[in-house]
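Hello,

Here is the structure I promised to pass on. Please look it over, then read my notes below.

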Amino acid sequence: MTPRLENISLSAKVLLVATGLMVLLGIAASQQVLSTLGRVQNDRIRELAAAHVEALSVALGPLVLRNDVWEVFDTLDRAASASGNRRAVFTAVSDATGRILAATDPFRAPVDSPFSELAQGAQELDQLDVSGAQGNMQLTAPLVYQGRLVGRVFSELDVSDLVSERVSVARLLLLWNAVATAGLALIGYFAMRRMLAPITLLAARMSETAGTPQPIPEHEVPPGDTEFSRLARTYNSMAVAVREKAEAERRLAERERFVSLGRLSSSLAHEINNPLGGLLNAADTIQTYAEKPEVVRKSAELLQRGLKHLRDVTRVTLEQNRTDRAGVPASPEDFEDLHLLIDPEIRRRSQQLVWEIEAGREALARVPSAQLRQILLNLLLNASTAAEPSGAVGLHVKQRKGELRLAVSDSGPGLSEAAEQRLLSSGTVPPGGGVGLRLVHDLVHHLDGSIEVSRNSGLNVIEVVLPYGQGTDA
Amino acid sequence: MASLAAIVGVAPFSARASGVFRLGLTPVFLDNDIRVLNGLSASLSEATGFPIEFEQRRTYEEVTGLLLQGAVDAAWLCGFPYLQHIDTLSLLAVPVWRSRPLYQSYLIARDTDPADALEDVRGTVHAFSDPNSNSGYLMTVSDLIRMGETPGEFFRRSIFTYGHRNVVRAVADGLVRSGSVDGYVWEVLTTEEPELTRRTKVVSKSEWVGFPPFCARTDRLNELKIAEFKTALLNLDKLDSGRQALDLLQLDAMVDAGPELFEGIAARMRDLDALR
């Protein structure tokens, strides 16, 4: 897998950029050196060639003037065999009419052959350029004697030393640039790594524990008052703030569990208080009519029913707040309990409750009871609050293809934007809005479920979808 | 300077005023081998008792001029210039090469050249050694005349190298297609510089003619110095130093000879005269 550009670390990026710039600089500098060398070599070869032509003009001028083939050849031959003149590997001289008089190698340029053929492609003296030459370069120049053009000279100059000099300079430059760039890049890499170490540390700290950044220990904070030390301190205070906020949220969520219960307390108090009058009356009746067994029996029955109801309410309330329910699977009884808990509130507000549970025991058993109860209690309480008095509240539980769908509906005006955000978003949300909606969100999230909010034929529907695994659909 | 000397009546290069004997030479025939020249000079000085100095000039014409002017006492010439001035010049001695006072002219070409006769090098560049050389000019030119040709028409271009060794170089290096060369010089070079002659081949050889002789002005033959020099030449092979000098020149001895030795060259000259 090729690493993507955006995944390359900052120090590597800086190093790459610096290396690239150094390579560019190296190329530019090398180009400069090579072009200067080329100019120097051109000047040198032009100077040498000019001296060569000058010497030939002096030595051969009179001989060419009188067409002395032998003397021209003899002079060229002796000059060629003289040590120290290794540059000119071949020279030919023509007369003024353009016919070859003599050459150092007569086989290549026979007497009387046309000079123009030989000199085709040769460079003029003042335009000599070594840059394109491979080993030999060809030069042509007029042969002037006593101010008079008496013929022309063609010379092949051996510039292999200059060519190899250029090649070796180019190679040395390349090698040196490569070594220097590699060396500087290495130094740069370590320097960058050292300089960027605080950033790396910070990044590591930030990615170490997802969601809860860990502060950098004081001994790892860069000393002094540099931007990095300030950054580290700022990060530390931020990390502490995040941690405190998370703690506050946790406490808040904890509290939200009780808020719903708090909300229930008044209706529960009524639920307890309402039968209390009847119960006390029954107790009085028993005391008053102790001798009438029929009345006592009826009053005791009444007393028993009322106390049973109180017992159920108390049990459900206690059940709702038990802390040892973790891991207990849900069951149809949970819905009965929920019904019992929400019923007084519904009745108090003269609302209609539609209660449809179409999920089997097996499907329910795959969902934890405590979370299911907390989710539905909060949603139902919110629905009851949202629905106007004598409005409608409903719970529809269905099982579909490995999913448990819990739809809570109400006839209220719908969720406010803030409330919807609390319910649906994982991001930070402003305080306020629906009670316990954030708790619902967190619980659903932990169960890998999802929440859908819709409005359907005048009803607001909050549908919680909890997956319980494929193939277990009863 | 020369005109000033003429006005005051003194020969500018006169050798008579001093005790030195001046011998004219050209590199046409003898190469500038200092070892050969020193050996010959030392030996002749020993034999004559007076110092011998060489006056070297580039061409036969110049050396012949020196001899005629009296600027040199004697000269080693070619048979051709000797015959050109036979009225004024006399023979002192003729070298003996391979037992005879004779040599040949060679027509040479490069060793790889297919030519095997003069006719085969028609229309090419030819090297002569000297316009006053017998073997290096007269022989080939008179051959052409006998063929009904002239050098100017037969050859595309002909050049003079003023040296038999230079003719061999010009042919060997490919400057010219063919050359006219002294057969004696070519043969000596086959042992002295075999790498040079190996690149050439002899296309044709002339008849045997008189070897280049030592000459002096006839009107000075009675001078003691000239007579002693002639005696020294003729007896060179009897001296150790003389034999060493002759060995270096690959010559046997020097002999007295008459003009009839050069009849072959004279016949060629008549052909040349017919052209002129």
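Of the 474 residues of chain A, 37% count as buried (buried means under 20% relative accessible area, exposed over 50%, partly exposed in between; 1.4 Å probe, protein chains only). In chain B, buried residues make up 56% of 276.

Some ground rules. This is a predicted model, where local features need pLDDT of at least 70, side-chain atom pairs count only at pLDDT 80 or more, and totals for chains, interfaces and linings use all residues. Residues are numbered from 1 along each chain as its sequence is written, chains are lettered from A and ligands numbered from 1 in the order in which they are written, and side-chain values use heavy atoms, with hydrogens and water left out.

**The two chains**

Chain A has 12 helices and 10 strands. Chain B has 12 helices and 13 strands. (Helices, H or I with at least four residues, and strands, E with at least two, are DSSP runs numbered from the N terminus.) Take the contacts in chain A with a separation of 6 or more: residues 24 or more positions apart account for 62% of them. For chain B, 80% of the contacts between residues at least 6 apart join residues at least 24 apart. (Contact means heavy atoms within 4.5 Å.)

**Where A meets B**

Together the chains bury about 1,300 Å², with 53% of it on carbon and sulfur atoms. (Buried area is the accessible area, 1.4 Å probe, that two parts lose on being put together, summed over both.) Trp70(A), Phe107(A) and Val111(A) supply 45% of the area that chain A buries against chain B, more than any other three residues.

There are also 6 salt bridges between the chains (a side-chain nitrogen of Lys or Arg within 4 Å of a carboxyl oxygen of Asp or Glu). One of them pairs Arg169(B) with Asp74(A), with the closest N and O atoms 2.7 Å apart.

**Inside chain A**

Val93(A) lies in strand 1 (residues 88-95) of chain A. Val93(A) is buried, at 0% relative accessible area. Beyond neighbours within four places in sequence, its contacts include Leu60(A), Val64(A), Leu76(A), Leu101(A) and Leu143(A). Leu76(A) is 17 residues away along the chain, and the two C-alpha atoms are separated by 9.1 Å.

**Inside chain B**

Helix 2 (residues 34-48) of chain B has 15 residues. Its buried residues include Val36(B), Leu37(B), Leu40(B) and Leu44(B). The buried residues of this helix pack against strands 1 (21-25), 2 (52-56) and 3 (74-76), plus helices 10 (224-234) and 11 (240-248), of chain B. Just after the helix, Gly49(B) takes a positive phi of about 90°.

Asn134(B) is in helix 5 (residues 134-146) of chain B. Is Asn134(B) buried or exposed? Asn134(B) is buried, with a relative accessible area of 0%. Leaving out residues up to four places away in sequence, Asn134(B) touches Cys78(B), Phe80(B), Tyr103(B), Met139(B), Val209(B) and Ile265(B).

Best wishes

Terms used: Expected span 1.5 Å × (residues − 1).
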